[in-house]
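I opened the model to look up a few residues and their side-chain pairs. My entries follow in the order I made them.

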Amino acid sequence: MHIGVIGLGRMGGNIARRLMKAGHGCVVFDADAKPRAALAKEGAIAASSLAGLVKALDHKPRAVWLMLPAGAVTEATVEALGDLLDAGDIIIDGGNSFYKDDIRRAKTLAGKRIHYVDCGTSGGVWGLERGYCMMIGGPKSVVEHLDPIFVALAPGLGDIPRTPGREKADPRAERGYIHAGPSGAGHFVKMVHNGIEYGLMQAYAEGFDILRHKDSQDLPKDERYALNMADIAEVWRRGSVVSSWLLDLGAAALAHDPGLDSFSGFVQDSGEGRWTVEAAIEEAVPADVLTTALFARFRSREEHTFGEKLLSAMRFGFGGHVEGGEAPHA
């Protein structure tokens, strides 16, 4: 297939690369000319404007993938594309937009007979190598038309053991992507995914903070232990019930920088955690852990503990997010 990719940052550029690696043609655009030029050298067609991108997509129906920050820039780009595209064309928002915005946009674009697909995309800076886990919302026929794109971006079966009892279930979930439901459903599922991510990261951070302070002078001398954080993280990766990719990232950071001196402890939240808590309130669902994890991120901007530095390290590991200063030394 031919597809346009708008937004060539940490994830957008690698999405285009993974698509091209699978044989798909990409027309790319970014406000910054440098990533456009870089991808042009790798085989993409670089457009200097949204109109140029649409014109270069000569296979109909056109499909355009947005990988932009949620909010005003995505809103403006969707609106502009709505005036440039034709009936039957498709806009895919692969960023982290609020699901209620997706519902509104899909209704607006339907009046022009332009299709809108929301795709919650997880994989961070590792997606080019590992593939992207995708949670997709939109019309069934349109999602099915785009299936070759999702197949190329998804991780595939890999070496993860198959879940017993799924033999007759939708095989797409095992390959790393799902059609979650109608407009907004994809980003809603991704929103809750990110809320859970906050909770998991916070649990690791607090646990390692407790371990780190076991040699406190406030404890009786015979109860003090100088524990090796890097070794504990490493051994937990090996067969422990708390093993995970997040722990892998934390272990890598600790192996390189045992005191996490390269990390500030400032932990940003990108919006999805707040929206998850808002959804819990709307649904009257108790969400103690997720809410506390969100509030912990707010507090991290005032004082920085060892645990908050580990949060920063994990967030940098999977998404390349630089918190409150310069990037950690490689």
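Predicted model: local features only at pLDDT ≥ 70, side-chain atom pairs only at ≥ 80, totals over all residues.

I looked up D170 and R172 and found their side chains joined in a salt bridge, 2.8 Å from N to O. I count a salt bridge when a side-chain nitrogen of Lys or Arg lies within 4 Å of a carboxyl oxygen of Asp or Glu. For exposure I use relative accessible area with a 1.4 Å probe and protein chains only: buried is under 20%, exposed is over 50%, and partly exposed is in between.

Residues are numbered from 1 along each chain as its sequence is written, and side-chain values use heavy atoms, with hydrogens and water left out.

Next I checked R237 and E234, whose side chains form a salt bridge at 3.0 Å, N to O. Both sit in helix α11 (residues 229-237), and because they are three residues apart, about one helical turn separates them. I take helices (H or I, at least four residues) and strands (E, at least two) as DSSP runs, numbered from the N terminus. R237 is partly exposed because its relative accessibility is 29%. E234 is also at 29%, so I put E234 down as partly exposed.

I then turned to R105 and D93, which meet through their side chains in a salt bridge of 3.3 Å, N to O. This pair links distant parts of the chain, with R105 in helix α5 (residues 99-110) and D93 in strand β5 (residues 90-93), twelve residues apart. I find both R105 and D93 buried. The two also belong to a network of salt bridges that links E75, D93, D101, D102, R104 and R105. For the structure I logged 20 salt bridges.

My last entry is on H2, which lies in strand β1 (residues 2-6). Which residues does H2 contact, leaving aside its neighbours within four places in sequence? I found G25, L57, H59 and A63, taking contact as heavy atoms within 4.5 Å. From H2 to V64 I noted 9.1 Å, C-alpha to C-alpha, at a separation of 62 residues in sequence. H2 has 33% relative accessibility and so counts as partly exposed.
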